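Trainee: I would like to go through the labels on this model one by one. Can we set each value against its cut-off?

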Amino acid sequence: MEKVLLFEGTKKKLTNFTIDEVSERLNSRREYLHGIDSDSLIEFFDSLMQFLKKEKLDKKYNLKNFIDFFSKKNLSESLSISLRGNYRVLDSFYDLGSNLYLFHAQPRGIVVQWLSGNVSILGLFSIFSALITKNVCLVKASSRGYEDLVSLLDTLNFVKTDKVDGKELAKCIALVLVDRNDKKLQEKLSMNADVRIAWGG
């Protein structure tokens, strides 16, 4: 199996590309993503969840838990718990209770993710979590079931809020298909990672 670029801002099926080129384009999106305030990102993902329900994609893909997780209320609470009570440290420096220090949760860069084959849609949790913490995503899809994942990622292009255009946010994600036995390309993916997330074995 040759490598295939399945998604980069929108659905694709390109074979003439390099991992380094894709990584370079993703890196160019980091400043854009870091410039969006967290409240606007939370609002966008809440609107995206409403869109999924409106289009009945929640039932088609069994997304109830996913939609609940990325609702505005749950996402705000979960981020606050994870970030010492104030998720806005993702945006700027804040006093989190110390007289000596201000804190700012800095994004890491490119999050490379290897998705499992049995439930590839679960990868949406880590993809969207990376975006909400202002990291771009290079995702290695499983050879099984990636079509559903591509379709769900493409829904970003149909949602726009006051401050976030889903078409721009979608450009912060690239999804590739790479043979699991292609050691050279797997190493190339890993070498481009600032953070590595692996689902499954």
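Trainee: How many residues of the lining of the second largest pocket are nonpolar, how many polar and how many charged?

Mentor: The lining divides into 9 nonpolar, 5 polar and no charged residues. Bear in mind that this is a predicted model.

Trainee: Which residues lie nearest the centre of that pocket?

Mentor: Leu 79, Ser 82, Leu 83, Ser 129 and Thr 133, out of 14 lining residues. The space in the second largest pocket is about 270 Å³. Two elements give two or more residues to its lining: helix H6 (72-82) and helix H7 (123-132). H6 provides the largest share, 4 residues.

Trainee: Why is Val 111 called buried?

Mentor: Buried means under 20% relative accessible area. Val 111 has 4% relative accessibility, so Val 111 counts as buried.

Trainee: Where does Val 111 lie, and which residues is Val 111 in contact with?

Mentor: Val 111 belongs to strand S3, residues 110-114. Leaving aside neighbours within four places in sequence, its contacts are Ala 130, Asn 135, Val 136, Cys 137, Leu 138, Val 195 and Ile 197. Take Leu 138: 27 residues separate it from Val 111 along the chain, yet the two C-alpha atoms are 6.1 Å apart.

Trainee: Why is Gln 186 called buried?

Mentor: Apply the cut-off of under 20% again. The relative accessible area of Gln 186 is 15%, so Gln 186 is buried. This residue is found in helix H10, residues 183-191.

Trainee: What makes the link between the side chains of Gln 186 and Trp 114 a polar contact?

Mentor: The limit for the N or O pair is 3.5 Å, with one atom able to donate a hydrogen and the other to accept it. The side chains of Gln 186 and Trp 114 are joined at 2.8 Å, and the pair is listed as a polar contact. Not counting residues up to four places away in sequence, Gln 186 also touches Lys 140, Val 178, Asp 179 and Arg 180.

Trainee: How do you know that strands S1 and S2 pair?

Mentor: Pairing needs at least two bridges. S1 (residues 4-8) and S2 (residues 11-14) have 2 bridges, so they pair, in the antiparallel sense. As for partners, Phe 7 is bridged to Lys 11 in S2.

Trainee: What do S1 and S2 form, and which residue in the turn has a positive phi?

Mentor: They form a hairpin, with 2 residues between the strands. Gly 9 in the turn has the positive phi, about 85 degrees.

Notes:
Residues are numbered from 1 along each chain as its sequence is written. This is a predicted model: local features need pLDDT of at least 70, side-chain atom pairs count only at pLDDT 80 or more; totals for chains, interfaces and linings use all residues. Side-chain values use heavy atoms; hydrogens and water are left out. Buried means under 20% relative accessible area, exposed over 50%, partly exposed in between (1.4 Å probe, protein chains only). Contact means heavy atoms within 4.5 Å. On a 1 Å grid over the protein atoms alone, a cavity is a set of points where a 1.4 Å probe fits but cannot get out, and a pocket is an open set with protein on both sides within 12 Å along at least five of seven lines; lining residues have an atom within 4 Å of a point. Grid points are joined across faces, edges and corners, and a volume is the space filled by probe spheres set on the points. Ala, Val, Leu, Ile, Met, Phe, Trp, Tyr, Cys and Pro count as nonpolar, Asp, Glu, Lys and Arg as charged, and the others, Gly among them, as polar.
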